[in-house]
Amino acid sequence: MKITAIRLRKVRGTMPTTSPFWEERLVRPIDIYPEYRARQDFEGGRQAEGSFAIETYFVQIETDEGVLGIAGPVPETVAFFVGRRLRPMLLDRDPLAHEMLWDQMHRLMVHGRQGDAMLAISAIDCALWDIKGRWLGQPVYRLLGGPTRPAIPAYASMLGFATRDFGRVRERALEFKEQGYVAQKWFFRHGPMSGPDGMRENVQLVRTLRDALGEDDDIMLDCWQSMEPTYVIDLASRIAEYRPRWLEECCMPDRIDSYRQIRDKTSIPLAGAEHEYTRWGFRRFIDAQAIDILQPDIYWCGGLSETLKIAAYATVHDLMTIPHGHSTPAGIHFSVTQSPIHTPYQEYLVKWNDIHQHFLAHPVKPARGEIHVPSLPGIGMDLDPAKIEAEEDAFTP
């Protein structure tokens, strides 16, 4: 079997909404500057009255045997790397030789060990796994040695929901608890430059969640790279009584010493490294004993192939690997192959998965707080023509 074409499918569509899709944004590293701290800019599409317009790209790899693989969605910058840098070296190659192709892409893109170039390699890798599963007529998790269980608990990741109106926080938390979720992750809105008032709001968010959810549900809290050790240690001391399951991405990803400093000063487990890349990047966190839960993003860190290697190294140190929930279809194939003690949850980014799965014919959604193993061959990335209002081939040769 040979790769005959790599298409970048640029698709457009609209998702109906009854209210503004994004209610609030999270704290960001750039918020140390006041002109950014006040901005309410959002991603993923454009809000209009009654709808949310989405424009994105899917990678489609085609073969001479009629088997294809699809990955995505990816942003335009990533599609550019696929179309302009990676496509020439992949044409006429064996799509089943994904380990060789990964190694060659990595060695070819010597300035692409991180960032958009690595996201492009990740998308190609996921599309190749999709081809392998379709070719063999099996869901990918079976090719990986799974499943270890018929379903995995999902935690509701509440990015984009209101966080400063604590009455609405309580209502949302109870709504998702009633849907069957036993764990939720919420996102702080304030960082160090928001002062004492911001700190009080951050603490109030956690207090509201614990009061609403009771003693047994897990609460995860995301700092999104936007804090520094002194602030996080103070914040952790104020919220420890509410027993968070973890604090996530406390600092920017290269500041591993900062993570270790925080970990030494708090009893709350630390999660992170979703913005790290490849097994070599994650090794730095593991060897420094800087975090307790690794969160590689399958579409960022190097693909499904690389996530498996990261998780294997993590198990040597008895650490958890719970991938960032940016891509639920690929994520479920990984998660159900892992030991339940090392991957006890899968993240379900509620709003982002509405966007990222909008064009899919078979979106993966939790039922009563669990994601069940899929049955379709491959990863399950077929697009739904009815959702595509316009399409063109981008970055054609």
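Of the 397 residues in the chain, 57% are buried, where buried means under 20% relative accessible area, exposed means over 50%, and partly exposed lies in between, with a 1.4 Å probe and protein chains only. The model is predicted: local features need pLDDT of at least 70, side-chain atom pairs count only at pLDDT 80 or more, and totals for chains, interfaces and linings use all residues. Residues are numbered from 1 along each chain as its sequence is written, and side-chain values use heavy atoms, with hydrogens and water left out.

The chain holds 13 helices and 14 strands; these are DSSP runs numbered from the N terminus, with helices being H or I of at least four residues and strands E of at least two. Its radius of gyration is 21 Å, close to the 21 Å that the globule rule gives for 397 residues, so the chain is as compact as a globular protein of that length. That radius is taken over C-alpha atoms, and the rule is 2.2 Å times the number of residues to the power 0.38. Along the principal axes, the C-alpha atoms fill a box of roughly 60 × 50 × 40 Å.

On a 1 Å grid over the protein atoms alone, a pocket is an open set of points where a 1.4 Å probe fits, with protein on both sides within 12 Å along at least five of seven lines; lining residues have an atom within 4 Å of a point. The largest pocket contains about 1100 Å³ of space. It is lined by 45 residues, and those closest to its centre are Glu43, Trp300, His326, Trp352 and His356. Strand β3 (51-63) gives the most to this lining, with four residues. Other elements that each supply at least two residues include α2 (76-90), α4 (115-136) and α13 (350-356). By class, the lining has 22 nonpolar, 10 polar and 13 charged residues; Ala, Val, Leu, Ile, Met, Phe, Trp, Tyr, Cys and Pro count as nonpolar, Asp, Glu, Lys and Arg as charged, and the others, Gly among them, as polar.

The second largest pocket has about 350 Å³ of space. Of its 20 lining residues, Phe161, Phe176, Val350, Lys351 and Asp354 are the closest to the centre. At least two lining residues come from each of β1 (3-16), α6 (166-178) and α13. This lining divides into 10 nonpolar, four polar and six charged residues.

Key: Grid points are joined across faces, edges and corners, and a volume is the space filled by probe spheres set on the points.
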